[in-house]
Amino acid sequence: MKTESIRVREARATEIAAIAEAMAESFRQYGGAFKQNPDWALETLRRDPGTTAAHTHVVTVDGRIASGLHVFERRLRAGAGVARAGCIGNVFTRPAWRGRGLIRKLLAFSHAWMARRKFDFAFLFGNPKVYGGSGYRIVPAWKATIHFESKCFDPIARQVRVRAVRWESDVSFLQTCYAFSNRGGWGGAVRNREYWSDWLRHRQTPHGSKWVPRFTICVVQIQGNTAGYFLVAPDRKTVVEVAARDQASWKPVLAAVARHALRQRKVALNFWSPEWERRWAAIFPRSEDLEKQSPLRIELAEQYGGMVRLLRRSPTFPHRVIGSDALADFLRAQGFLFWSGTDNF
Ligand SMILES: CC(C)(COP(=O)(O)OP(=O)(O)OC[C@H]1O[C@@H](n2cnc3c(N)ncnc32)[C@H](O)[C@@H]1OP(=O)(O)O)[C@@H](O)C(=O)NCCC(=O)NCCS
């Protein structure tokens, strides 16, 4: 009987279109999912700053592409420092080759590849049954629904204006707000100009690929000055990201978010951390008078926040973080917040 030749390696630039086709074939079972179109994968790779063909890893069986994945290289905020994360996406095995351990082999290759390049940890969104055996652990995240019980936010909310983003002139302002609002936190991608104008702009602009999920950036102004921004998901109800230019600007920005929610008197935030609890409480303080209604009621729910795998004993983490369980616990304790509506890969 002839034995198959199975190889695991980096992709070559000339193979990328064929890999995108194989990936589309693999995702087709999900029906309407956008990954079922090869254009989607190609467009995403084109827009990913710093990506090369070598960031795509493949398994070949007798010379044919059977499985693949892509390492989206990101620097994620890690308190005062920065962690190097390999965000793994575009994972597939073509239907004919499934259930034979190819993804497990491919992940092992990618982990060694990332560890050699001094990545600190790998991060992905996927089924724990597929990735648990390769060492991934879930990081829980939070989402919040804020119910506005009274109209006490009206005075400031009446003064704020919201306008659409102007890409030609707003990028520096967006960068400033994002840097200010995420400093000291854990999880947010470090976004340079290129990242804003290629990766994020593409996800927002109507000129972008129709396969990339879109969101709307609302720029908040007060008395003619820009204060911050918030991003609304395609459902127009869920806010996926909020940032202010400086401390004083939180008030108008959150008031604008509240106003966005005025009709339904509630707003869904696809993120939460103790920091956000403090920000809202500072702006909409609870009345000490028991007779008076509190202006806000915040309902929290845990949600799936992705999975992590430690790649090396990194100086980015405390000594006790010696494995993926400890890493997941540590990140949870830090209020790890990955902006999944925008940075998602
Ligand atoms: C998910 C997928 C990539 C798995 O590829 P594969 O080569 O068959 O995976 P492997 O045989 O290497 O199995 C890896 C692990 O996943 C588990 N697994 C594989 N398919 C699974 C499934 N459909 N449901 C649950 N677990 C599954 C295996 O039991 C194995 O677990 P272990 O490591 O603990 O032993 C493949 O089925 C696929 O391409 N699906 C469609 C696209 C997709 O969903 N991609 C993942 C996006 S996050």
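Helix axes are taken here as lines fitted to C-alpha atoms over the stretch in contact, with angles running from 0 to 180 degrees between N-to-C directions. Helices (H or I, at least four residues) and strands (E, at least two) are DSSP runs numbered from the N terminus. The model is predicted: local features need pLDDT of at least 70, side-chain atom pairs count only at pLDDT 80 or more, and totals for chains, interfaces and linings use all residues. Residues are numbered from 1 along each chain as its sequence is written.

The axes of H1 and H2 come within 8 Å and cross at roughly 130°. These two helices are therefore oblique to each other, a class that takes the angles left over when those under 35 degrees count as roughly parallel, over 145 as roughly antiparallel and 65 to 115 as roughly perpendicular. On the H1 side, the contact (C-beta atoms, placed from the backbone, within 7 Å) is made by Ile 16, Ala 17, Ala 20, Glu 21, Met 23 and Ala 24, and on the H2 side by Pro 38, Ala 41, Leu 42 and Leu 45. By class, nine of these residues are nonpolar, none polar and one charged. In this scheme Ala, Val, Leu, Ile, Met, Phe, Trp, Tyr, Cys and Pro count as nonpolar, Asp, Glu, Lys and Arg as charged, and the others, Gly among them, as polar.

Trp 250, Lys 251 and Leu 254 of H8 meet Arg 279, Trp 280 and Ile 283 of H9; the contact comprises four nonpolar, no polar and two charged residues.

The protein chain is divided into domain 1 (6–140 + 304–333) and domain 2 (143–302), with bounds from an automatic or database domain assignment. Their centres, taken over C-alpha atoms, are separated by 30 Å. Domain 1 gives 19 residues to the contact and domain 2 gives 18. Helix H2 (38–47) and strand E3 (64–78) each supply at least two residues of the domain 1 side, which has nine nonpolar, three polar and seven charged residues.

The ligand is surrounded by 19 residues, the closest being Thr 93, Arg 98, Ile 103, Gly 126 and Gly 133; a residue is near the molecule if its C-beta atom, placed from the backbone, lies within 6 Å of it. Helix H1 (16–27), strand E4 (81–93), helix H3 (102–116) and helix H4 (128–131) each supply at least two residues of this shell. The shell divides into six nonpolar, nine polar and four charged residues.

Key:
Contact = placed C-beta atoms within 7 Å.
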